[in-house]
Amino acid sequence: MLQSAYPFYFIQRDKEGSKGLLFVSLYRFKSTKSHLTYIVRVEEYEFNIYAVKFYQKNHSLSKNKYRIMANTYEPRRIINTCINIMLTIYQNDQKASFGFIGANGFDEDVSCTKRYKVYARIVATYFSDVHFYHKENIDKSAYMLINNIALKENPDLIEEIEQFFIDQYDYFE
């Protein structure tokens, strides 16, 4: 686990029934710097894919909750907390693959967003090529960490995952 992160707490895990989305797990943590509480939403999909998203709890009801900047100047510690959640999932699912999208701010396009650049740099630092294949879609600010064990078992996994998300979400067309 990364030391420069906040302690996090598991809240709940709900079974989902929509096209390929199997479960949604929620976690929370509180920044000791800003005293803001964050919610981390982990969506578990087919192919052992976990999409990790986070937002400030006070923006829970906003349709733009993933786009609102906190301006607390502590992104590394917040992202490290999300990485620790990912590592916990990986300990329980050795075939887990992960994905995220760096949401665009209100003044930017969806391609290669500020968030994406920060997330990609940090994730590339902590997740080695030994365990994960790094697949980027810069045009959509999307990043996938494809589990090498799962990829070895299924060499078509990357294409299957890409097609799965294209079929699920208009965003990827």
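A pocket here is an open set of points on a 1 Å grid over the protein atoms alone, with protein on both sides within 12 Å along at least five of seven lines, and its lining residues have an atom within 4 Å of a point. This is a predicted model, where local features need pLDDT of at least 70 and side-chain atom pairs count only at pLDDT 80 or more, while totals for chains, interfaces and linings use all residues. Residues are numbered from 1 along each chain as its sequence is written, and side-chain values use heavy atoms, with hydrogens and water left out.

The second largest pocket comes in at about 190 Å³ (the space filled by probe spheres set on the points, which are joined across faces, edges and corners). Its lining includes F10, R13, Y27, E44 and D93. Two or more residues each come from β1 (8-15), β2 (21-30), β3 (37-45) and α1 (75-92), with α1 giving the most, three residues. Helices (H or I, at least four residues) and strands (E, at least two) are DSSP runs, numbered from the N terminus.

Zooming out, the chain has four helices and seven strands, running β-β-β-β-α-β-α-β-β-α-α from the N terminus. The radius of gyration (over C-alpha atoms) is 15 Å, close to the 16 Å from the globule rule (2.2 Å times the number of residues to the power 0.38) for 173 residues, so the chain is as compact as a globular protein of that length. Along its principal axes, the C-alpha trace spans about 45 × 35 × 35 Å.

Terms used
On a 1 Å grid over the protein atoms alone, a cavity is a set of points where a 1.4 Å probe fits but cannot get out, and a pocket is an open set with protein on both sides within 12 Å along at least five of seven lines; lining residues have an atom within 4 Å of a point.
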